[in-house]
Amino acid sequence: MRHYKIFISWALVISWMALIFYLSAQHAERSADLSGGITEWVNEVIENVAPAAEFQIDEISFFVRKNAHFFAYMLLSILTLNAVRRSGGRGLVSMVVALVISVLYAISDEVHQLFVPGRSGQVSDVLLDSAGALVGILLYALTSRLVLKKKNASRTVQPGK
């Protein structure tokens, strides 16, 4: 059963990487269409929640595209750290391994975009991806710590009870 969980964990990492690769391989026009659709949806939500707010569609588009980078790599690092830990990695070393894998993939993704018509690789995107990866690892570590603390607290029998 343990090998099955390890396999599934790494399959999720590779699947997420494949999705990132697929989205990065889209020509600039198709990529713009996708983010444009999301931008329009975000704009509608903002108009319904705060009708008096004044935003330019370009500002929202920039926000959507950059957040996509951050959250994609935040999830990649969470999946990767989970896979590393299921494979036997522990502590700070497992977090560093997950971060290195995520950052190296971010770099390779930007290099990949250099070969896609209309796209470009940007160091700023690697930095944003890396920040997302770091936040993902910190969230995973914090959540794991809280769950472990809760488990230990529920196992502890209070004297006199």
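Along the sequence, I read the pattern α-α-α-α-α for the protein chain. That is five helices and zero strands. Helices (H or I, at least four residues) and strands (E, at least two) are DSSP runs, numbered from the N terminus.

This is a predicted model, where local features need pLDDT of at least 70, side-chain atom pairs count only at pLDDT 80 or more, and totals for chains, interfaces and linings use all residues. Residues are numbered from 1 along each chain as its sequence is written, and side-chain values use heavy atoms, with hydrogens and water left out.

Next I checked burial. Of the 161 residues, 32% count as buried. Buried means under 20% relative accessible area, exposed over 50%, partly exposed in between (1.4 Å probe, protein chains only).

Then I looked up the second largest pocket. Its lining has 16 residues, and Arg85, Arg90, Tyr140, Ser144 and Leu148 lie nearest its centre. A pocket is an open set of points on a 1 Å grid over the protein atoms alone, where a 1.4 Å probe fits, with protein on both sides within 12 Å along at least five of seven lines; lining residues have an atom within 4 Å of a point. Helix 1 (2-24), helix 3 (57-86) and helix 5 (123-155) each give two or more residues to this lining. Helix 5 gives the most, with nine residues.

Last, I searched for aromatic pairs and found one. Phe70 and Phe71 pair edge-to-face, at 5.4 Å centre to centre and 85 degrees between the planes. Ring centres must lie within 6.5 Å to pair; planes under 30 degrees apart count as stacked, over 60 as edge-to-face and the rest as tilted. Phe70 counts as buried because its relative accessibility is 18%. Phe71 is at 45%, so Phe71 counts as partly exposed.

Notes:
Phe/Tyr/Trp six-rings, centres within 6.5 Å; stacked < 30°, edge-to-face > 60°.
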